[in-house]
Amino acid sequence: MGQHFLVDLNIARKICDSLSGGLRTDAATGEQRPVDVLEVGCGMGVLTQFLLQRDDVVTWGAEIDTESVEYLHVHYPQFTPRLMEGDFLKMDLRSLFPEGLKVIGNFPYNISSQIFFKVLEYRDLIPECVGMIQKEVAVRLAEPPGSKEYGILSVLLQAWYDIEYLFTVGEKVFNPPPKVKSAVIRLKRNGVKQLDCDEQLFVKVVKASFGQRRKMIRNSLKSVFGDFGGAEHEFFTRRAEQLSVADFVNLTNWVAEHRQ
């Protein structure tokens, strides 16, 4: 299932320590209580055990593998009421955590991008996310404009989150060892409540711009939006990886005005 189980407890503790805790006001009672944290893919509980030791978070789990769920029930019975068996990607986080949540996990490599798209979908509820993923994906997400690694998910995440590349993790601390290095990154919501453009169109413009990476913006957008009646934009002679989030906001407003 794309899962490599972390067996180095020092690394596990370091990952858990990278996530901030804190208190929030319970909407029903008005009392202060620890923030909710959802661990995605608990596996055999290597991260879970350290999260459960903390008194500044309430730890929940999402695990799709039946054997892992059974193992966790036996070894962490106090966790059982908050362990949800099922696919995180299909969960309605708004009904489960209406007051918000933080997300953490040793994310399966084959769905890590989908997990981050899910975080984006619920960005108003998720102020922070810490995840271990494939190193090259981590680099891509944290890279600034101008890098060859900078791409669609880099722009979309950086529009709403500050992204920190925390540390690299070698292959030997996993069972089975992956063929690539891993890395831990942290996303924290920035101050942007709403982009200064049509946000749905922004996503379409970003995806279209990177749709043909080697082409200039003019040609990439033309294949999706048409030729804009011959109108030109200052970014048309540049490539997508050269544009910042602010540039894409600017371009989105221009497309909204000029598309036919």
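Contact here means heavy atoms within 4.5 Å. With that in hand, let's work through some exercises. This is a predicted model, in which local features need pLDDT of at least 70 and side-chain atom pairs count only at pLDDT 80 or more, while totals for chains, interfaces and linings use all residues. Residues are numbered from 1 along each chain as its sequence is written, and side-chain values use heavy atoms, with hydrogens and water left out.

**Exercise 1. The whole chain**

Task: Describe the overall fold of the chain, from its contacts to its extent and its charges.

Solution: 

Step 1. Start with the contacts that have a separation of 6 or more: 65% of them join residues 24 or more positions apart.

Step 2. Count the elements, taking helices (H or I, at least four residues) and strands (E, at least two) as DSSP runs numbered from the N terminus. The chain has 10 helices and 10 strands.

Step 3. Check the radius of gyration, taken over C-alpha atoms, against the globule rule of 2.2 Å times the number of residues to the power 0.38. For 260 residues a compact globule would come to near 18 Å, and the 20 Å of the chain agrees with that. The C-alpha trace spans about 65 × 50 × 30 Å along its principal axes.

Step 4. Turn to burial, where buried means under 20% relative accessible area, exposed over 50%, and partly exposed in between (1.4 Å probe, protein chains only). By this rule 49% of the 260 residues are buried.

Step 5. Finish with the charges, counting Lys and Arg as positive and Asp and Glu as negative, without His and the chain ends. Each charge is placed at NZ of Lys, CZ of Arg, CG of Asp or CD of Glu. There are 31 positive and 34 negative side chains, and the centres of the two sets lie 6 Å apart.

**Exercise 2. How H9 packs**

Task: Against which helices do the buried residues of H9 pack?

Solution: 

Step 1. In H9 (residues 217-225), the buried residues are Ile217, Ser220, Leu221 and Phe225. Their arc of only 105° around the axis puts them on the same side of H9.

Step 2. These buried residues pack against helix H8 (199-211) and helix H10 (245-258).

Step 3. Take Ala208 as an example from H8; it is buried, with a relative accessible area of 7%. Beyond its neighbours within four places in sequence, Ala208 is in contact with Ser220, Leu221, Val224 and Phe225.

**Exercise 3. Backbone angles to notice**

Task: Where does the backbone take a positive phi in a residue other than glycine, and which peptide bond is cis?

Solution: 

Step 1. Recall the background: most residues other than glycine have a negative phi, and most peptide bonds are trans.

Step 2. Phe228 has a positive phi, near 60°. Phe228 belongs to the loop between H9 and H10 and is buried, at 5% relative accessible area.

Step 3. The cis bond runs from Asn175 to Pro176, with omega near -5°. Pro176 lies in the loop between strand E9 (174-175) and strand E10 (182-189).

**Exercise 4. A residue in H7**

Task: Is Leu157 buried or exposed, and which residues does Leu157 touch?

Solution: 

Step 1. Leu157, in helix H7 (residues 152-160), is buried, as its relative accessibility is 0%.

Step 2. Not counting residues up to four places away in sequence, Leu157 touches Phe116, Leu120, Leu141, Ile163 and Leu187.

Notes
The arc is that of the directions from the helix axis to the C-beta atoms.
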